[in-house]
Amino acid sequence: MRILAIESSCDETAAAVVENGRTVLSSVIASQIEEHQLYGGVVPEIASRRHSEAIAGVTRQALEQAGVTLNQLDGIAVTYAPGLIGALLVGVNFAKGLALSAGLPLIPVHHLRAHIASNYIVSPELTPAFLCLVVSGGHTHLIDVKDYTDLRVIGQTRDDAAGEAFDKAARAMGMPYPGGVHLDQIAETGNEDTFTLPHPSVQGAPYDFSFSGLKTAVINLIHNARQKDEQLPIADLSASFRKAVVDCLLRNVIRAMEDTGHETLVIAGGVSANSLLRRRLQQECRKRNWKLHMPSFDLCGDNAAMVGAQGYYEFLVEKTAGMDLNACAAMPIDDHF
């Protein structure tokens, strides 16, 4: 079964052709990072306009790379939630028009479900059930994946996502967008024990996260140093901040794994590319004899291949949509279409 997938939830316009949910026949991404760097972050209106300009060409290229035509496809999958509403609308409406003209089923895909599915591409042997940590610029969730389309959120951030905290701390340190990537690189050269930073927890919710206080602590530290005309060791501060974030993530992940009895852990999302997070998870899973699955670096960020992977499993349980499908800026992963 071959599915054409379209992704436009933020600042990447992407299309891919995926076979049977596991094999990527093509994957094309048009990134807008250089343009948004001018503003220090994603500008929604600009993102939507660039999607409109790129989506037809990206889709055509994905079909050509896969060596297939529309009449050789079995369906069209598209990210419809969550994300920037204007950006999502471009992908949804393009996919609707394509599906209608080609007479193909339209498959709505939740963005976070797609991130989890990126691991099905990298690890063909991976099957539910497992625990998944989805960690990105906009989301930090602990998800009990019971089956491919049966997922339950057991923990989530109460304020900032981990990726958002990385980006904002990096910006305060003077790093360019996307800050989290630069902070991770600089942290590799620093001493993570230089600064003592808070490790917030949520009382009464052992699997939930809170990163706002940690982010504020770092920003206040930077502001105080500037007021005193002091120079902070940025590499050491980056390393200390990164360690605090990863400590918080691992604390809850280990607790959830032990409580649920899962023996397989999966991570997904943009922050799953973080160097320290990957190393620490490998160490902890090795100690406890847990299986760990991580996406390859090219599948950590937004892409359409992961949409096609999840779209395959949504299609198998007959989750398709009509021409009344609309985009949705916010939607829980366990409240899917």
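Predicted model: local features only at pLDDT ≥ 70, side-chain atom pairs only at ≥ 80, totals over all residues.
**Strand S5**

I started with S5, which is covered on both faces: Leu106, Pro108 and His110 on one side, Ile107 and Val109 on the other, are all buried. Buried here means under 20% relative accessible area, with exposed over 50% and partly exposed in between, using a 1.4 Å probe on protein chains only. In a regular strand the side chains alternate between the two faces of the sheet. S5 spans residues 106-110, and five of its five residues are buried. For the labels, helices (H or I, at least four residues) and strands (E, at least two) are DSSP runs, numbered from the N terminus.

Residues are numbered from 1 along each chain as its sequence is written, and side-chain values use heavy atoms, with hydrogens and water left out.

Next I looked up what S5 pairs with. S4 (residues 75-81) runs parallel to S5, joined by five bridges; strands pair if DSSP finds at least two bridges between them. Ile76 sits opposite Leu106. S4, helix H3 (residues 85-102) and S5 make a right-handed β-α-β unit. Right-handed means that, with the strands pointing away from the viewer, the path from the first strand over the helix to the second runs clockwise.

**Two hairpins**

I checked S2 (residues 12-19) and S3 (residues 23-31): they pair in the antiparallel sense over eight bridges. Glu12 stands opposite Ser31 in S3. Three residues lie between these strands in the hairpin, and Asn20 in the turn has a positive phi of about 55°.

S7 and S8 (residues 150-156) are antiparallel as well, over six bridges. Ile143 has Val153 in S8 as its bridge partner. This hairpin has two residues between its strands.

**The cavity**

How many cavities of 30 Å³ or more does a search of the whole structure find? It finds one. A cavity is a set of points, on a 1 Å grid over the protein atoms alone, where a 1.4 Å probe fits but cannot get out; lining residues have an atom within 4 Å of a point. The largest cavity holds about 30 Å³ of space, the volume being the space filled by probe spheres set on the points, with grid points joined across faces, edges and corners.

I listed the lining: Arg113, Ile116, Ala117, Tyr120, Val145, Asp147, Tyr148, Leu151 and Gln310. Helix H4 (111-122) and strand S7 (140-147) are the elements giving two or more residues to it. H4 gives the most, with four.

**Helix H5**

In H5 (residues 162-172), I found Ala162, Gly163, Ala165, Phe166, Ala169, Ala170 and Ala172 buried. Their cover includes strand S6 (130-135), S7, helix H6 (179-187), helix H7 (212-227) and helix H8 (234-260). After H5 comes Gly174, with a positive phi near 90°.

**Two single residues**

Ser48 is in helix H2 (residues 44-66). Why does Ser48 count as buried? Because its relative accessibility is 14%. Leaving out residues up to four places away in sequence, Ser48 touches Gly86, Ala87 and Val90, contact being heavy atoms within 4.5 Å.

Asn326 lies in the segment after helix H10 (305-316). Setting aside neighbours within four places in sequence, Asn326 is in contact with Tyr80 and Leu89. I also looked at Asn326 and Ser296, 30 residues apart along the chain: their C-alpha atoms are separated by 31 Å.

Methods: 1 Å grid on protein atoms, 1.4 Å probe; cavity = no way out; pocket = protein on both sides within 12 Å on 5 of 7 lines; lining within 4 Å.
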